[in-house]
Amino acid sequence: MINLLIHLILLLTLPPLLLGIINKTKALFAGRKGPPVLQVYYDLIKLAQRDVVISDVTTWVFTAAPIITLVGVLMAALLVPLGSFPAPVSFVGDLILFAYLLSIGRFFTTMAAMDTGCALEGMGAAREVTFSCLSEPALFFALLVLAKMSGTLMLGDLLHAPLIVGTQSTAASMVLLAIGLFILLLAENSRIPVDDPNTHLELTMIHEVMVLDHSGPLLGIVLYGAAIKLFLFSAILLHILFPFQTGCAPLDWGLFIVEMGFVAVTVGVVESIMARLQMQHVPYLLIAAILFCSFGFVLLVR
Amino acid sequence: MNGIELIFAGTILLIASGLPACFRSRKSIQAQWMTTAIMLLGSGLGWAGLLATSFGTPAIELTHAWNLPSGQFAIGLDPLSAVFLIPIFTIPVLGSFYGMSYWRQNEHPENGRGMGLFYGLLAGGMALVVLSRNSILFMIAWEVMALAAFFLAGAEDEKTEVRRAGWIYLVATHTGTVCLLALFCLLRTVSGGIALSTIEAGSLSSGIATALFILTIVGFGFKAGIMPMHIWLPGAHANAPSHVSAVMSGVMLKMGIYGILRMLTLLPVTELWNGEVLLGLGATTGILGIAFAIGQNDIKRLLAYSSIENIGIITMGIGLALIGRALHRTDFILLGLGGALLHVWNHSLFKSLLFLNSGSIIHAAHTRDMNRMGGLAKSMPVTAGLFIIGAVAICGLPPLNGFASEWLLYLGFFHSVGAESGSLWPIGVAAVALAVIGALALACFVKIYSTVFLGPARYPKQNAPQDPSRLMSAPMILLASGCVFFGFLPQIGFPLLQQAIGQWTGSAAPALTSAAPFQWISGAAAIFLLLSVGGHLLLRRKIRRAPATTGTWSCGYAHPTPKMQYSGTSFAQMLVSLFRWALCPRINKPDLSAIFPARTAFSTEVADTLLERLILPSFWKTRGTMMKLRLLQQGRIQIYLLYILAIVSFLFCWSHFGF
């Protein structure tokens, strides 16, 4: 019970911190002082108090999209276990629901972008749906690997497979899976080298350009939802990267938070030392993710 | 009257529903009302019969002597038939009400009565296909259905395009019929009768079994639209009136699926490769079907290609079930067949909804080209709201019904990597294929909804488009509520599905609800809805307070014009180029060489690669070769007499001298 409570509190409060750590890391690399680590929280509070401006071209889809996306991400988050603790909700086949709850967010976010009638946002929407056609297969290969390893169809047990049944013979495919999932994390959360979360104005943007016209609380919801999504993908990656537990609950929670911080720093480092890919090269990166995950699958079943 | 007689009476009423109107005036609206009333009565009788027989459990048959050369008139009802009868007794009658406003007889005096007649024949023919237990009766019903659809699709036969699509349909459907004739002839030689009855496993050589399997897949595949037998489908669906497209796509394609399932139930097809072939065909059909859909600009062609994709998904489920039968894995049969049959229902709900909806859009916008629409959500809020329900459902997104059936299939594919399945992992890759189909479908339906309904109107018209009449909206509202209802409570239909699956597994099948815990899906759907509505209520005040007139900002988008927004073609461009190896898009690039280039135009088109590049050219080539034979056809009676003389003397020599 107490673990469930900690789980929910971490889930609701920790995600913006990850963005803060990433930004701080990037600032340090660039030799700047950078915004405070808690800056994203301040932004969220500020946005919640602001008024909304809504283009008169738009329909109800535009205002409903951020809410639906956030609800989808939050519900998906309830299916993902954090660290060595069980997921709050778990049932046979919830892994599919997880993938589709994220898809429903994509459906409405792209729709809201098209709702503004602006070419720039349409461009972002087109890229988002195109690249998702390449990231979905990678995700499902990863799920297949874990399902094969654990012999279950519950996301909670599935993600604990490396912890419980991981051996030396599965290590190779876990390494491949970790690389594939890290690429997926960068792509799905619009980080460099796929997308740049800092610049809105360049023609090569994906996620940021789709939400250009959102303002006030709606923008806050978009930002918060994106942070939770990053948190989710990091939590999934951690199961494969660090399948360890101490057995003592407070220590395990501490370990989880430190590991989360590590993922955020890694993302920050990658963003600092890499340039963004040309847009026509992004599919190659995603195909590489598919290949990593599918090779992991082949290695496991051979 | 017992249950099956009620159903048969309902079927007869459907078949004859358009007949009385033929004796009334061409322009009579009352006659059209009469047709619809008879359809309603027939469908009501059909439903009453289904309920009275508790959906064919236990199976019943009705036989009667007839004057045809062999066998007897035999119809029957079992759970498999009942699964397919439910859409037949639901969708056409809704379409008929829609047609009362969409295709008013006083506005279409030239073919209004014919439409009513053939529409009834199509609906009744389909019911008879599903009911018949005798191959001759089956073929008669099959041809009634196929030909009625031909006349319906060709309603506007003054247009060249419509006539061309009609001919392609006719050739394709009869190629399928030829295979079916061969199938039933072969079946008669092995079983010794024309009754559609189970063939014992030991009685077939493997060669015959293979032949029967291939004839089944090709013959019924032409009707279902499995690639590469789909060539007729986009043209026929796009050019038919919308309520006819709704019935063709929502129900008639499923008759192909029914045929495959019925034959597989009867035949001892138990080899592993049979299922693998179907799984592969299904995955290819699904991925390429939706890829072609993304490339279309004609709203109805797009929906037609999306039907091909859904047929692919259903075929994947049947393939999985067949693999399960070969390997004696009841979980594969349960989830594969369960998912396929549930998707049959779901697709008949949301695809009929979308086709009826496209009819309303075309009615209002006077074009089928999506790139000439835009911003319709403002003037047609009801249509837009109904369309988005259909779009979410067809993408398989929770909380609507498409998710339920795809979920079952995913579970089935994931079972192949479970602990007890050693080397079955290639089946797991089908889950990845289904995920790709899902992602592509999402792209496709974001494209269609946003191009048609969102943004500013691209071509402002004098008469602003508006929501259709109540007669047209009511059937759509019913279908949309069906999508919502079966999204929240898909387990309502499970008892019947369980019975139908039992026809493949025997009584040993585990319960569908134990393999797939649907109470969680219902719960998730309810929470999803609650949270979304709650979130909206929380923000309602702020959203209301937003200033009334602000244009789109978009980082300084100073003078936006409607033509600057992303069109459907530009939205799809990246995906089309990813799939250019299959789609072969035709791109007309303007030549801009001179210093002051002349005014020119750019256009792209994704035509059906198989039809345009392979089948039509080979038909033309065959025709060219055949033209040489016309030397023989001189048109003079003397020459024909000479031919006869020559052949008779040849035969005489042959028989007499024996060389």
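In this structure, 65 residues of chain B are in contact with 61 residues of chain A, where contact takes C-beta atoms, placed from the backbone, within 7 Å. The structure is a predicted model, in which local features need pLDDT of at least 70 and side-chain atom pairs count only at pLDDT 80 or more, while totals for chains, interfaces and linings use all residues. Residues are numbered from 1 along each chain as its sequence is written, and chains are lettered from A and ligands numbered from 1 in the order in which they are written.

Helices α14 (376-379), α16 (401-415), α17, α21 (518-544) and α22 (568-578) of chain B each put at least two residues into the side touching chain A; helices here are DSSP runs of H or I, at least four residues, numbered from the N terminus. The top contributor is α17(B), with 14 residues. By type, this side of chain B splits into 46 nonpolar, 16 polar and three charged residues. Ala, Val, Leu, Ile, Met, Phe, Trp, Tyr, Cys and Pro count as nonpolar, Asp, Glu, Lys and Arg as charged, and the others, Gly among them, as polar.

Next comes the core. The largest nonpolar core holds 337 residues, and A:L237, B:L122 and B:Y449 are among those with the most contacts inside it. Such a core is a set of buried Ala, Val, Leu, Ile, Met, Phe, Trp, Tyr and Cys residues joined through C-beta atoms within 7 Å. Helix α17 (residues 425-453) of chain B provides the largest share of this core, 22 residues. Domain 1 (1-268) and domain 2 (272-531) of chain B both give residues to this core, so it lies between them. Those bounds come from an automatic or database domain assignment, which also gives chain B a domain 3 (609-657). The centres of domain 2 and domain 3 of chain B, taken over C-alpha atoms, are 49 Å apart.

Over in chain A, helix α13 (residues 282-301) has 20 residues and spans 29 Å from its first C-alpha to its last, close to the 28 Å expected at 1.5 Å a residue; that expected span is 1.5 Å times one less than the number of residues. Its buried residues include A:V282, A:F292 and A:L300, buried meaning 20 or more other C-beta atoms within 10 Å, exposed 12 or fewer, and partly exposed in between. The buried residues of α13(A) pack against α6 (119-150) and α9 (168-188) of chain A. A:G261, in helix α12 (residues 249-273) of chain A, is partly exposed, with 16 other C-beta atoms within 10 Å.

Terms used
Contact = placed C-beta atoms within 7 Å.
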